[in-house]
Amino acid sequence: MKRSAASFFLFLAILTVASGFRSDKNRPAEGIQWLTIEEAYAKIQQEPRKVLIDVYTDWCGWCKVMDRETFKNKAVVEYVNRKYYAVKLDAEQKKAITLGDKKFEFLSEGGRGVHQLALALTNNQPSYPTTVFLDDKFNMIQPLPGYMKPKEFHQVITFIGEDYHKKEAFDTYKSKTYNLLFTGR
């Protein structure tokens with residue numbers, strides 16, 4: 001009896017250790033699959049898709065709240081990963097960025113300085129956080145400054161992701177179409 005119990009516990013120990021080495025290939029991604037803007041630019045050349053850019057700074061409190069609440073929301077994560085190339089862009093990063101034949105540099109002017117690309121994406125009106133939407137050809141759709149709660153953000157990403165921004169006003173989408181498409185959210 002002792003031998004079979006010992007064998008059983010040895011088997012459980014081996015099974016427990018072995019399960020720690022499982023492949024994560026079939027596991028769904030946890031969180032938004034963030035890219036650099038250069039990676040998104042390269043991917044869009046191969047497989048066109050809209051781009052969502054989170055323009056943030058390290059010191060921005062509302063950026064951190066959006067990271068913690070909005071960008072961790074299950075519905076937001078699933079939709080963004082399926083429909084967009086998602087980019088995190090530090091508006092104060094010092095590294096130059098080259099997209100195609102355009103090069104964007106850090107400008108050390110003012111208090112902290114700002115990256116030229118962050119200025120271009122926010123129409124020279126930097127505000128953090130700002131969520132920027134680009135079409136599948138890397139053209140501007142809309143920059144949206146400010147913090148957004150998960151449901152509000154989900155309404156925006158589906159409005160743009162499904163091209164309703166070309167068909168109806170956002171208020172109409174929110175009050176009618178969104179509720180038909182995403183009841184219970």
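In this predicted model, five strands form an open sheet in the order E1-E3-E2-E8-E9, with mixed pairing. Its edge strands are E1 (34-35) and E9, each of which pairs on one side only. Strands (E, at least two residues) and helices (H or I, at least four) are DSSP runs numbered from the N terminus, and two strands pair if DSSP finds at least two bridges between them. Residues are numbered from 1 along each chain as its sequence is written. Local features need pLDDT of at least 70, side-chain atom pairs count only at pLDDT 80 or more, and totals for chains, interfaces and linings use all residues, while side-chain values use heavy atoms, with hydrogens and water left out.

E1 runs parallel to E3 (residues 84-90), to which two bridges join it; Trp 34 stands opposite Ala 86 in E3.

Strand E8 (residues 130-134) is antiparallel to E2 (residues 50-56), with five bridges between them, and Leu 134 in E8 is the bridge partner of Val 51. E8 also pairs with E9 (residues 140-145) over five bridges in the antiparallel sense. Here Thr 130 is opposite Pro 145 in E9. The two strands E8 and E9 make a hairpin with five residues between them, and Phe 138 in the turn has a positive phi of about 70°.

E8 is mostly covered, as five of its five residues are buried (under 20% relative accessible area with a 1.4 Å probe, protein chains only; exposed is over 50%, and partly exposed lies in between). In a regular strand, side chains alternate between the two faces of the sheet. Thr 130, Val 132 and Leu 134 point one way from E8, whereas Thr 131 and Phe 133 point the other way.
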